[in-house]
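Look at the sequence and the model below before reading on.

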Amino acid sequence: MKRRGLCLVIAAPPGAGKTSVSRALLDSEAELALSVSVTTRAPRPGEQDGVHYHFRDMEEYQAMIARGDLLEHAMFLGRGYGTPRAPVEAALAEGRDVLFDIEWQGHRQLKTSMAADVVSIFLLPPSMAELEHRLQLRGQDSDVEIVKRMAAAREEITHWDEFDHVLINQDFEATVAAARAVLHAARSARTRQPGMAGFIKGLLGA
């Protein structure tokens, strides 16, 4: 039965595990695809344009905003991020789900522009000490950058109550299972199944 796709937003302070949880869902859910964001930051080793991000300079990023090409956009640690509009709208119309790995600002904009299509999850760390430890283990950032990310994390966490679901990412497997349950429940919502009325009609022989 044809259904409308949904936008699954997973947000979290840096280091809380949203990328790992997102990857686990993508690996296990064939109907779920990642929304590839635009960013003005430089590629990290191994990252490919159009696969991990659409890497653009600030001038082109600002032009995309001006043209209305982005569903949402936000600045984070001095870098621009955003979601291209066209591929998301096409996926939802075709009944495919789109996963968003974005910040709270982006979620707020997405919720405003596509409220009926958005289901959101906010991930929390078990403690701030554990969050800092995870950032250090990644080995991607300098001590100065980690301090900035911890400050950004504290700000990010204050927006937890804007999300539909909140999970504490202490046990990774349990967190992934809970996120998957949210996705499956959202797919079966009555409002996502425009063909259900016809099915019921046939079921009852009307």
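The paragraphs below take these topics in turn.

This is a predicted model, in which local features need pLDDT of at least 70 and side-chain atom pairs count only at pLDDT 80 or more, while totals for chains, interfaces and linings use all residues. Residues are numbered from 1 along each chain as its sequence is written, and side-chain values use heavy atoms, with hydrogens and water left out.

Side chains of opposite charge can pair when their charged atoms come close. A salt bridge here is a side-chain nitrogen of Lys or Arg within 4 Å of a carboxyl oxygen of Asp or Glu. The count by this rule is 20 salt bridges. In one of them, Glu103 pairs with Lys18, and the closest N and O atoms are 3.0 Å apart. This pair links distant parts of the chain, 85 residues apart: Glu103 is in the loop between strand S7 (97-101) and helix H4 (104-113), and Lys18 is in helix H1 (residues 18-28). Helices (H or I, at least four residues) and strands (E, at least two) are DSSP runs, numbered from the N terminus. Glu103 and Lys18 are both buried; the term means under 20% relative accessible area, with exposed being over 50% and partly exposed in between (1.4 Å probe, protein chains only).

A second salt bridge joins Glu145 and Arg79, at 3.8 Å from N to O. It too links distant parts of the chain, since Glu145 lies in helix H6 (residues 143-157) and Arg79 in strand S6 (residues 79-84), 66 residues apart. Glu145 counts as buried because its relative accessibility is 14%, whereas Arg79 has 24% and is therefore partly exposed. Elsewhere, salt bridges that share partners join Arg3, Glu29, Glu31, Asp97, Arg180 and Arg187 into one network.

Leaving aside neighbours within four places in sequence, Thr40 is in contact (heavy atoms within 4.5 Å) with Arg56, Asp57, Met58, Tyr61, Arg79 and Gly80. Thr40 itself is in the loop between strand S3 (38-39) and strand S4 (54-55). A polar atom of its side chain lies 2.7 Å from the backbone nitrogen of Gly80.

What forms the nonpolar patch on the surface? Met1, Phe199, Ile200, Leu203 and Leu204 do, with about 550 Å² of accessible area together. Such patches are made of residues with over 30% relative accessible area and no salt bridge, with like charges joined within 9 Å and nonpolar side chains (Val, Leu, Ile, Met, Phe, Trp, Tyr) within 5 Å. Accessible areas come from the Shrake-Rupley method with a 1.4 Å probe, and for residues only the protein chains shown count as cover. Met1 lies in the segment before strand S1 (7-11) and is exposed because its relative accessible area is 56%.

Technical notes: Polar contact = N/O pair within 3.5 Å; in protein donor to acceptor, adjacent residues only side chain to side chain.
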